[in-house]
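Grab a pencil and work through the exercises below with the viewer open. Try each task yourself before you read its solution.

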Amino acid sequence: MYSSVLSGVLHGLKAEIVHVEVDVGNGLPSFEMSGFLSNEVKEARERVKVAIRNSGYELPPQRIVVNISPADIRKSGTGFDLPIALAILAANGLVDEVNLDKTVVLGELSLDGSINGVRGVLPCVCAAKEEGIEKILIPDINVNEGKIVDSMHVIAADSLRNAVRYINDGIIDNEENATSDKSMFNRCAALDYADIRGQHAAKRATMIAVAGMHNIMYMGPPGSGKTMMAKRIPTIMPDMTFEEKLELTNIYSVAGQLGDCGGLMKERPFRAPYHNVTRSAFFGGGMYPRPGEITLAGKGVLFLDEMTEFKPDILEGLRQPLEDRNITIVRMGRSYTYPADFMLVGAMNPCKCGYYPDRNRCNCSEQEVKRFMGKISMPLWDRFDMCIKTEGISYEQLGDKKHGDCDALDSSYMKQAVDRARAAQIKRFNGRNIMYNSQMGGKEIEEFCRLGKEEEKLIERIFARKHITARGYHKILKTARTIADIEGNDKISSANISEAFYYRGIPEIAIH
Ligand SMILES: [Zn+2]
């Protein structure tokens with residue numbers, strides 16, 4: 001007796017629909033599996049047998065052959081447990097095969113017959129839709145993820161027993177387990193730039209950086225608010241479009257990091273990996289490839305606190321994805337490309353003790369300061385359009401609420417400025433492969449950062465006096481463009497250039 005059930009397999013951030021075929025027959029009791037399977041999939045054998053028994057189904061001793069096709073796709077993951085179990089039950093006449101027709105099935109089984117969540121439900125739903133399949137049977141914990149795609153009938157089950165019941169009763173959309181649409185990131189709702197007193201320059205720099213998606217480095221002594229500043233960045237980023245939300249949710253689905261709510265992600269991510277992060281957790285990879293931090297930070301912020309503490313191979317490895325906005329991982333002869341489209345935010349002390357150039361507190365020699373700065377290589381510094389010094393907060397600023405001249409710079413004010421600049425950029429880059437000022441190349445800079453005579457003279461003067469490199473020159477123009485956009489001006493002014501020069505990436509001591 002033969003039966004076939006549809007399922008899905010992940011490849012990178014996409015999924016492909018596969019057929020799980022089962023044949024049961026007389027002969028010596030056995031359980032064989034074929035179809036280019038990883039060990040993870042082969043282990044389904046024991047789980048499925050025990051789960052079927054513990055769900056109360058009596059099967060006669062029989063020879064079971066499972067094949068997952070097409071054979072040229074390598075299958076990994078634990079999501080094949082449920083389709084294999086259902087196909088075995090269907091081949092034994094215990095599941096109504098007609099109702100399982102054109103249904104993609106995913107789910108991992110526990111030995112007691114309950115169904116555990118799996119990663120990658122969303123890309124499987126998208127793949128199903130592309131093939132004209134409108135029904136999907138998934139673990140109930142993944143139900144909100146399954147419902148993201150319109151017009152898909154979602155059957156969500158918590159156990160093999162219930163899954164069989166829903167199929168045999170012909171249920172094509174069970175709402176009983178669907179929870180209300182919740183967003184997984186409510187974390188930053190309570191944060192606001194109004195919480196930070198003083199630090200006017202750093203707040204303004206942050207606003208400009210976000211407006212043009214410029215990578216920014218905060219440099220300052222311990223306790224000067226670098227982390228507070230960075231953590232609030234998601235509160236002023238522009239809202240995501242539906243396509244961006246879908247793309248991001250897909251990444252988290254594949255990584256198995258959608259969390260309990262599992263619905264469409266609404267807020268931009270803020271990822272802050274620790275110094276001891278492994279290469280594969282950071283860049284992506286592993287035995288069964290998954291996206292890493294640089295991909296999970298997509299559309300949002302990758303924050304490297306105490307950046308000089310990260311291993312050199314992690315820091316240097318960042319240069320390529322920062323340039324290409326994606327990363328390619330080769331695993332078992334197949335290559336996977338994940339997007340790496342994030343805003344890089346770094347924080348560091350200016351020296352080993354943290355207080356340079358405050359000579360009352362810092363005893364580091366110039367040589368030691370240089371060596372400390374050198375942990376961030378020059379090519380990596382080149383990826384930062386902006387660097388801002390954070391000051392130690394003075395006693396008066398901490399205590400006095402009324403003092404706050406800069407409390408006007410709260411998250412809502414800053415977000416409005418960002419949105420204004422964003423709108424200007426959408427218009428400017430319409431039809432190009434660029435979204436933000438920070439992504440402009442030489443050609444775009446020439447086209448969109450044209451200067452008047454007076455501004456030209458100013459930048460020449462700066463250029464001659466400060467030994468700015470060509471790259472440094474471009475950074476200043478790109479940042480100046482964003483400042484003008486915030487102000488709603490087409491033309492870049494001298495003031496915009498001077499301000500951009502003040503933020504230009506590399507600190508002097510690192511160069512000389
Ligand atoms: Zn020092």
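Pro70 sits in the loop between strand 4 (63-69) and helix 3 (81-91). Helices (H or I, at least four residues) and strands (E, at least two) are DSSP runs, numbered from the N terminus. A quick note before we go on: this is a predicted model, where local features need pLDDT of at least 70, side-chain atom pairs count only at pLDDT 80 or more, and totals for chains, interfaces and linings use all residues. Residues are numbered from 1 along each chain as its sequence is written, and side-chain values use heavy atoms, with hydrogens and water left out.

**Exercise 1.** Which residues coordinate the zinc ion, and why is the arrangement called tetrahedral?

*Solution.* 
- Step 1: Look for donors, meaning N, O and S atoms within 2.8 Å of the metal (3.2 Å for Na, K and Ca); water is not among the atoms, so sites may look incomplete.
- Step 2: The SG atoms of Cys351, Cys353, Cys362 and Cys364 coordinate the zinc ion, at 2.2 to 2.4 Å.
- Step 3: Check the angles between the four donor atoms: they run from 101 to 118 degrees, and therefore the arrangement is tetrahedral. The rule is that four donors count as tetrahedral if all angles lie between 85 and 135 degrees; four count as square planar and six as octahedral if opposite donors are over 155 degrees apart and all others between 65 and 115; anything else is irregular.
- Step 4: Read the donors along the chain and you get the spacing C-x1-C-x8-C-x1-C. Cys353 and Cys364 both lie in the loop between strand 15 (343-348) and helix 15 (366-373), so this pair ties together parts that are 11 residues apart in sequence.
- Step 5: Compare their surroundings. Cys353 has 31% relative accessibility and counts as partly exposed, whereas Cys364 has 11% and counts as buried.

**Exercise 2.** How are the rings of Phe270 and Phe303 arranged?

*Solution.* 
- Step 1: Learn the rule: rings of Phe, Tyr and Trp (its six-membered ring) pair if their centres lie within 6.5 Å; planes under 30 degrees apart count as stacked, over 60 as edge-to-face and the rest as tilted.
- Step 2: A search of the whole structure gives six aromatic pairs. Phe270 and Phe303 have ring centres 5.7 Å apart and planes at 35 degrees, so the pair is tilted.
- Step 3: Trace the chain: Phe270 is in strand 11 (residues 270-271) and Phe303 in strand 12 (residues 301-304), 33 residues apart.
- Step 4: Check burial. Phe270 is buried at 13% relative accessible area, and Phe303 is buried at 2%.

**Exercise 3.** Which side chains make polar contacts with the side chain of Arg271?

*Solution.* 
- Step 1: Start with where Arg271 is: in strand 11, and buried, with 14% relative accessible area.
- Step 2: Apply the rule for a polar contact: a pair of N or O atoms within 3.5 Å; within protein, one must be able to donate a hydrogen and the other to accept it, and residues adjacent in sequence count only if both atoms are side-chain atoms.
- Step 3: The partners are the side chains of Tyr252, at 3.5 Å, and Glu293, at 2.8 Å.

Conventions. Buried means under 20% relative accessible area, exposed over 50%, partly exposed in between (1.4 Å probe, protein chains only).
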